[in-house]
Each structure stands twice: as C-alpha cells, then as structure tokens.
Amino acid sequence: MANLIIRNARITTLDPRQPSANALAVANGVIVAIGDEAKVMEKADARTQVIDAGGRRVIPGLNDSHTHLIRGGLNYNLELRWDGVSSLADALAMLKAQVARTPAPQWVRVVGGFTEHQFVEKRLPTLEEINTIAPDTPVFILHLYDRALLNGAALRAVGYGKDTPNPPGGEIQRDANGNPTGLLLAKPNALILYATLAAGPTLPLEYQINSTRHFMRELNRLGITSVIDAGGGFQNYPEDYAVIQNLHSQNELTVRIAYNLFTQKKGGELADFDRWTKMLKPRQGDDMLRHNGAGEMLVFSAADFEDFREPRPELPAGLEGELEDVVRLLAQNRWPFRIHSTYDESISRILDVYEKVNRDVPFDGLHWIVDHAETITDRNIDRIKALGGGIAVQHRMAYQGEYFVERYGARAAEHTPPVRRMLEAGLPVGMGTDATRVASYNPWVALYWLTTGKTLGGLRIYGENNQLEREQALRQWTHGSAWFSNEEDSKGVLKVGQFADFAVLSADYFNVEDEAIKDITSLMTVVGGRVVHGDGEFGPLAPQLPEPMPDWSPVRHYGGYQGATLTQASAAFAAAHRHSHEHGQGCKVHNHVHAAHHAAPTSEFQGFWGALGCSCFAF
C-alpha cells in the first residue's frame with residue numbers, strides 16, 4: 001500500500017504513454033500508481049497520508065544539470081541577494097538596511113545572480129552611492145563575470161593601495177593619483193574578482209551546515225529536487241565536501257546531488273585526477289549523494305572565459321597535450337567527465353583531443369559533457385553526437401545577452417546557444433543555471449528565457465526558430481538533465497517505478513502569461529516521497545528549519561530570490577515565518593552563493609595572485 005497519495009491534481013507526467021493524471025501514489029520513495037484518482041485511491045489504507053492538491057499543476061521535480069550547490073551553500077547565509085529585484089532603488093535600500101545590521105568585521109556581500117539590465121534604472125550603483133551608504137562596513141558587489149564594486153572600507157580590509165599591482169588578466173581601476181577607486185575589472189580573467197572575495201570573513205562549520213540547509217530549502221521552494229554540482233575553484237576534495245557529507249549522514253539532504261570533481265591547481269591537473277580515480281569508483285554513492293565524474297575543469301589551459309564585454313580569449317598552444325593526458329586517464333578508469341567551454345573555437349580544439357583519445361580508448365557509452373557552448377557551430381554539434389556526448393545549457397544569456405549583442409551583433413545572438421539545433425540533432429541536452437555568480441539559481445528564469453527568447457532586461461534575442469515550447473523546455477529541465485548523471489531511468493518523468501520527486505506549483509506554468517513564468521514557485525516539493533518544502537496550506541507538512549545563522553544574516557530578513565518588489569517580497573518572507581501564507585506567495589526564507597573560504601594572502605604579490613591564481617577561476 002501507499003504511504004503518500006496526491007489527489008485532485010493536474011499532473012504533467014512527461015510520460016508519452018500517459019501524459020496527464022489527476023492522482024499519484026508513493027511507497028518506499030517511488031511512484032507505485034499514477035492516473036485516475038479512483039484507481040490510485042485503491043492504494044490507500046488507514047496509514048496513508050492523502051494530500052489534496054486543490055486542482056493545482058504538479059510537475060516532475062526540476063533538475064539543474066550545472067550548478068554549484070556544495071560550494072554555494074557554505075556562504076549562502078552571508079550573502080545579500082539581488083536576484084529578482086526589479087529596481088536599483090530597492091536594491092540599495094536592501095543594502096543600506098543590511099549594512100546597519102552587519103557587525104564588524106563582517107562584510108556585506110552581493111555575489112552575482114543579477115544583472116544591471118533587470119533594474120528599471122538600467123544601471124549599476126555608483127561607487128559614490130555605495131560609499132555613502134557604507135562608509136565603515138566593507139561592501140563587495142559582484143556583477144556577472146566582469147566586475148566587482150568595493151567601497152573604501154572593503155579596499156582597506158583587503159589591503160589594496162597605490163602600490164598593489166594588477167594581477168594577470170585583471171585591472172584595479174585607479175584615480176588620477178593612482179589610488180584604487182573600488183572598481184575591479186576582469187580583463188578577461190575573473191581571478192581578481194574571486195581572489196578579492198576570498199579575503200572576506202567566513203562562517204564556522206556549524207553555521208555552514210545551517211547555511212547549506214537553508215540554500216537547499218530555497219532550491220526546494222523553486223521546485224528543484226536534483227542538481228549536478230559542477231565543482232569550482234577552492235572546492236577541494238575531500239576537505240570541502242565535509243558539510244554536504246555531514247548532512248547526508250544525518251539524512252538532512254533535501255536535494256539529490258551528483259557531484260563532479262574540479263581540479264584545483266594549474267600544472268597539477270593530472271595528479272589530482274590520478275589521486276581521485278584511486279579514491280572513488282565511477283558513480284560511487286547512493287540516490288541522494290553520488291559521485292558523477294570529473295570537471296567542469298579538466299585542465300586550466302583548455303578553459304575559456306565568458307565575459308562578453310571582452311574579446312574571446314585565445315587558448316594556449318599546449319592545451320592539447322595536457323588535455324589528452326587527463327582525458328585518457330579518465331576514459332581508462334571509465335569516469336564520466338565534463339568541460340567548461342563557451343566558444344566554438346575552444347570546442348573544436350577540445351573535440352580534436354577527444355576524437356584522438358577515443359580511437360585508442362573508446363568512450364563506448366561513457367557519458368561526457370560540454371558545458372555552456374554558447375557559440376557552438378552545427379559541425380561541432382554533429383561531432384559531439386558522433387562521440388556520444390551531451391551539452392549542458394544554462395541561462396547565462398538571459399543575464400549577458402545585451403553585452404553579447406553589443407559586441408557581436410543581434411544576428412550572431414539569435415542562436416547563442418543553438419538549443420533547437422542541438423535537440424534536432426538528437427543530442428542529450430540538459431538545462432541548468434550555472435548559479436550563482438553569473439546567473440541566479442532560479443530555474444523559472446531559465447524556463448522564461450528558453451520559451452520567450454528574452455533576457456531579463458526584456459531584449460528579445462531569439463526568434464521562434466530557437467525558442468522552445470513550454471513542455472519541451474520543462475522536459476529538458478527534468479528528464480533531459482537526468483542523462484547527465486546517468487539517471488534517466490529513475491528520474492525526470494512521473495510514472496510507476498520512478499523516484500517520487502515532484503512539485504505542486506503556485507501557478508499553472510502552461511497557462512500563465514510569459515512574464516509570470518519568472519515568479520512561479522513551488523507550494524509543496526516532494527523528494528523520494530518526503531515533503532521537503534511547504535508553503536501556504538502545505539506549510540505544516542514540511543519540517544521546520546532552524547533560523548538562519550548568524551542572527552544578522554541577510555537570509556533572515558530578505559530570504560533568497562525576490563519574485564516581486566522589495567515590499568511584496570518582505571511581506572511574503574514575514575508571512576512565511578508565521579506559517580500563514582496567502583495567495584500562493586513563496587516562502588522567502590533562504591538563498592545562495594559561493595565565496596571561497598581559504599585565507600587570501602593579500603598583503604604580498606606572489607602569495608595573493610600566484611597561490612590563488614588558478615584555483616580562483618571564474619566558476
């Protein structure tokens with residue numbers, strides 16, 4: 001018999017044999033019946049929990065095929081989110097209030113997830129505005145992969161002065177007297193941005209555990225039930241996986257995680273993967289936390305940058321030999337792998353290496369991934385198909401589309417990335433966010449971008465020939481992403497035998513106006529038959545989280561993604577704490593991003609830019 005039944009629902013199953021249903025039953029974490037309510041209710045007994053969905057839309061749980069949850073959760077509670085804030089005036093009001101409550105020596109950090117184009121003012125704050133708001137509290141604001149704004153207090157905290165040199169590929173903007181102004185620019189290497197961020201205070205272990213729980217709950221609030229973690233700079237294995245392993249051992253994970261391992265030091269890539277392949281078997285773990293292979297960094301020489309305000313970087317001549325050694329090792333050990341690559345020119349050289357290795361060590365069904373692929377050509381799409389690979393696509397153009405058009409023109413942007421062409425070629429295509437630096441973790445922004453072809457600033461960059469129908473976009477966000485962790489047989493479709501991972505939506509995704517897609521949330525999210533998030537009438541069904549730590553955390557006051565005006569979002573957040581939500585407002589209790597948590601030796605050139613240089617890569 002079933003332990004949980006959802007009834008009176010409009011269920012989109014994504015199963016071609018049974019596209020819709022109005023009830024489903026769950027036992028032992030999987031779906032045991034789905035379809036007509038009367039038939040499903042035959043699985044009920046006196047112990048079955050029956051939940052009335054109130055006629056709401058139910059979808060399979062969303063699966064982010066490329067994000068940075070593990071790293072992001074460690075500092076989620078430290079960061080002020082401007083994700084979804086529609087005006088700079090509101091953003092600055094949030095900043096001012098957070099400055100007032102943040103104790104010394106802590107910083108106020110806005111770390112990605114927004115674009116100036118989302119603001120009605122269509123601009124970033126000025127350094128003068130930030131310094132007026134915060135004369136004494138350090139403030140660090142990261143915008144995409146292109147710049148960071150620091151007030152005078154933050155410059156003092158990191159020790160930047162007239163004699164501080166520019167790092168390779170970065171610029172410390174200076175005034176007429178040679179003093180830093182507070183503007184840091186990627187030229188095009190974002191090292192300067194993340195090395196500076198690394199100098200800020202961090203949270204102790206207990207707080208990082210609390211922070212990660214709140215970040216996962218925020219993802220649950222948006223309907224996410226699975227992610228693939230793409231590693232990142234400063235994310236060393238196994239040291240920096242202690243928090244997520246702790247939560248897993250306590251049965252407190254509320255998102256299924258498949259994690260990739262990201263090499264950390266230029267010149268040491270092969271040694272990293274040689275060590276890790278001796279420590280881990282392919283896909284080692286269980287259905288809640290599982291190893292997923294190598295990447296998204298395989299070798300530093302093969303990674304390009306995606307700051308569309310800057311020219312495309314030329315990769316070094318030595319990348320082929322370095323990449324071949326690593327890929328050969330991975331293929332021999334049957335480790336899946338993924339690689340960050342924005343530009344077609346980079347992808348061409350990478351595929352040359354893959355084809356060479358494949359002739360000697362056949363990939364033969366081994367899942368491998370190209371991440372991002374904004375400017376990939378038809379030829380390279382076909383080469384990936386021939387080698388059995390897939391492409392993980394993220395909504396970075398929703399945040400950077402205006403900059404891409406400015407540099408390359410509207411015509412070039414029309415198929416950047418060419419998602420429709422990838423699908424027509426029969427490639428596995430998974431969707432994600434690449435959160436949290438360049439884009440928000442909100443999957444509904446990605447679904448809006450995929451289906452409307454528009455940036456957050458309202459610029460239409462795609463025509464109908466590169467937009468997806470709503471069901472197709474949802475399919476790529478669910479079953480499409482499951483291929484990227486070798487789980488397409490167990491998740492992404494609501495049918496008998498699949499994981500009972502699903503979300504009851506605040507609005508009907510298939511019928512709302514285009515602009516309303518961005519503000520959809522989940523009123524109830526279920527992972528493995530367990531309610532992990534509830535809002536409104538479903539609120540009492542979900543386990544209650546402890547308050548965000550520390551007590552001055554921005555998450556306590558603003559939550560995470562702001563789906564409306566500041567006033568509306570604040571009201572919804574307050575209501576969430578009272579468990580008396582109305583009108584389907586989302587619980588604004590959480591939020592996310594990543595700041596590195598190792599000491600940054602900013603006082604001397606070689607220690608700062610040398611030691612941190614490669615491990616601070618822009619991911």
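# Close-up views of a predicted model

View 1. Arg 147 stands opposite Leu 185 of β13.

View 2. The order here is β3-β2-β7-β21-β22-β23. This sheet is open, and its pairing is mixed. β3 (20-21) and β23 (530-534) are the edge strands; each has a single partner strand, so one side of each lacks a neighbour in the sheet. The partner at the β3 end is strand β2 (residues 10-12), paired with β3 in the antiparallel sense over two bridges. Thr 12 has Ser 20 of β3 as its bridge partner. Helix α7 (residues 205-221) packs on the sheet and touches β22 (522-527) and β23. The direction of α7 makes about 85 degrees with that of β23.

**View 3. Val 527 in strand β22.** Val 527 belongs to β22, a strand of the six-stranded sheet. Its relative accessible area is 4%, so Val 527 is buried. Leaving aside neighbours within four places in sequence, Val 527 is in contact with Thr 225, Thr 254, Arg 256, Met 288, Ala 500, Asp 501 and Val 532. Gly 29 is 498 residues away in sequence, yet the C-alpha to C-alpha separation from Val 527 is 7.8 Å.

**View 4. Strand β4 and its two partners.** Five of the five residues of β4 (residues 23-27) are buried, so this strand is largely enclosed by the rest of the structure. Ala 23, Ala 25 and Ala 27 point one way. Leu 24 and Val 26 point the other way. Both sets are buried. Strand β1 (residues 4-7) runs antiparallel to β4, and three bridges join them. Ile 5 is bridged to Ala 25 of β4. Strand β5 (residues 30-35) also pairs with β4 in the antiparallel sense, over five bridges. Here Ala 25 stands opposite Ala 33. The hairpin of β4 and β5 has two residues between the strands. Asn 28 in this hairpin takes a positive phi near 55 degrees.

**View 5. Strand β8 beside strand β14.** Six of the six residues of β8 (residues 62-67) are buried, so β8 is largely enclosed by the rest of the structure. Strand β14 (residues 224-229) pairs with β8 over four bridges, in the parallel sense. Asn 63 stands opposite Ser 226 of β14.

**View 6. The surroundings of Lys 491.** Lys 491 sits in the loop between α18 (479-482) and β21 (502-505). Its relative accessibility is 6%, so Lys 491 counts as buried. The Lys 491 side chain makes two polar contacts shown here. One goes to the side chain of Ser 226 at 2.8 Å. Another, of 3.0 Å, goes to the side chain of Glu 487. Leaving aside neighbours within four places in sequence, Lys 491 is in contact with Asn 63, Ser 226, Arg 256, His 479, Ala 482, Gln 498 and Phe 499.

**View 7. Asn 260 in strand β15.** Asn 260 is part of β15 (residues 256-261). With 1% relative accessibility, Asn 260 counts as buried. A polar contact of 3.0 Å links its side chain to that of Asn 292. The Asn 260 side chain also reaches the backbone oxygen of Ala 294, at 3.0 Å. Not counting residues up to four places away in sequence, Asn 260 touches residues including Ile 228, Asp 229, Tyr 241 and Arg 338.

**View 8. Helices α9 and α10 side by side.** The axes of α9 (residues 269-279) and α10 (residues 319-332) come within 9 Å and cross at roughly 10 degrees. That angle makes α9 roughly parallel to α10. From α9, Glu 269, Leu 270, Phe 273, Asp 274 and Thr 277 take part. They meet Asp 325, Val 326, Leu 329 and Leu 330 of α10. By class, this contact has five nonpolar, one polar and three charged residues.

How values were computed: Residues are numbered from 1 along each chain as its sequence is written. This is a predicted model: local features need pLDDT of at least 70, side-chain atom pairs count only at pLDDT 80 or more; totals for chains, interfaces and linings use all residues. Side-chain values use heavy atoms; hydrogens and water are left out. Buried means under 20% relative accessible area, exposed over 50%, partly exposed in between (1.4 Å probe, protein chains only). A polar contact is a pair of N or O atoms within 3.5 Å; within protein, one must be able to donate a hydrogen and the other to accept it, and residues adjacent in sequence count only if both atoms are side-chain atoms. Contact means heavy atoms within 4.5 Å. Axes are lines fitted to C-alpha atoms, for helices over the stretch in contact, and angles run from 0 to 180 degrees between N-to-C directions. Angles under 35 degrees count as roughly parallel, over 145 as roughly antiparallel, 65 to 115 as roughly perpendicular and the rest as oblique. Ala, Val, Leu, Ile, Met, Phe, Trp, Tyr, Cys and Pro count as nonpolar, Asp, Glu, Lys and Arg as charged, and the others, Gly among them, as polar. Two strands pair if DSSP finds at least two bridges between them.
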